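Good morning, and thank you for coming. Please look at the sequence and the structure that I am about to show.

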Amino acid sequence: MRQRARKGILAFSALMFPLTFFFLSPFVIVLSAASGIVNGSAMVFGLLLLFSIFGSRIFCGWLCPGGAWQDYISGANNRKWNSKGRNLSKYIIWAVWISFIVFLWFQNRPLKGNFLYLVDIDKHYIMIYAIVMSIIYLFTLLTGRRGMCHSLCWMAPFMVTGEKLSDLLHIPRFRLMPAPDTCVSCGKCSSVCPMGLNAAEMVKSGHMDSPECINCLECVDSCPKKAIRFGMYPKQR
Ligand code: SF4
Ligand code: SF4
């Protein structure tokens with residue numbers, strides 16, 4: 001039931017992507033910064049960072065339209081795309097991109113806030129949307145399960161930063177809590193993980209904190225032994 005609700009929310013978000021794209025765009029924020037404007041996507045990214053201090057990466061697992069499209073495309077290539085090296089690339093891209101935006105903000109101060117800046121569905125917008133959808137489509141087709149989330153996503157580092165901040169300040173946040181003694185190593189949790197994480201190994205290790213976990217709760221709902229709980233917990237020692 002919970003997973004049905006999650007997939008329904010994701011499907012709705014995927015359908016709305018042509019409209020919400022403005023507010024998740026990595027390009028519009030740059031164009032706005034060049035004019036000294038803090039636009040809608042800058043505000044949304046800031047809100048995602050703040051939300052993740054308590055909510056971890058719930059957005060990625062439950063609401064992200066890019067994630068939803070990747071889940072659909074993964075049907076054609078269900079391969080796991082998850083390793084330290086692959087996960088690292090998105091942080092490098094993000095660091096260069098965010099540094100450039102901060103540089104533009106600094107150059108073009110005083111800044112003004114305008115949530116709807118450059119929001120206009122014209123032929124350029126449709127072209128950029130088509131390019132981004134093609135990248136999502138081809139990249140996921142080549143890489144497999146949520147390959148873009150692992151390697152290219154410009155939003156994930158905001159949320160991972162929020163998670164790290166939360167742990168640093170010992171703030172309880174949404175996380176998984178395993179019960180290793182109950183686990184029978186059937187591997188069901190790993191096979192359903194949309195991020196291709198080895199959830200069974202994480203359960204056995206007694207720690208399920210992974211910056212790649214999108215808090216979708218597929219592993220929780222698939223476990224026949226109820227060996228994974230979830231809730232608001234501080235970082236385990
Ligand atoms: S570990 Fe569990 S909650 Fe995290 S992404 Fe995988 S299935 Fe979802
Ligand atoms: S599904 Fe449950 S019992 Fe099976 S490996 Fe995962 S945690 Fe263990």
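I shall speak about aromatic pairs and then about the surroundings of a ligand.

This is a predicted model, in which local features need pLDDT of at least 70 and side-chain atom pairs count only at pLDDT 80 or more, while totals for chains, interfaces and linings use all residues. Residues are numbered from 1 along each chain as its sequence is written, chains are lettered from A and ligands numbered from 1 in the order in which they are written, and side-chain values use heavy atoms, without hydrogens and water.

Rings of Phe, Tyr and Trp (its six-membered ring) pair if their centres lie within 6.5 Å; planes under 30 degrees apart count as stacked, over 60 as edge-to-face and the rest as tilted. By this rule there are 15 aromatic pairs. In one of them, the rings of phenylalanine 22 and tyrosine 125 have centres 4.3 Å apart and planes at 15°, so the pair is stacked. Phenylalanine 22 is buried, with a relative accessible area of 6%, and tyrosine 125 is buried at 8%; buried means under 20% relative accessible area, exposed over 50%, and partly exposed in between, with a 1.4 Å probe and protein chains only.

Tryptophan 97 and phenylalanine 158 form an edge-to-face pair, 6.0 Å centre to centre with 75° between the planes. Both tryptophan 97 and phenylalanine 158 are buried.

Which residues are around ligand 2? Among them are Cys183, Cys186, Cys189 and Cys223, where a residue counts if one of its heavy atoms lies within 4 Å.
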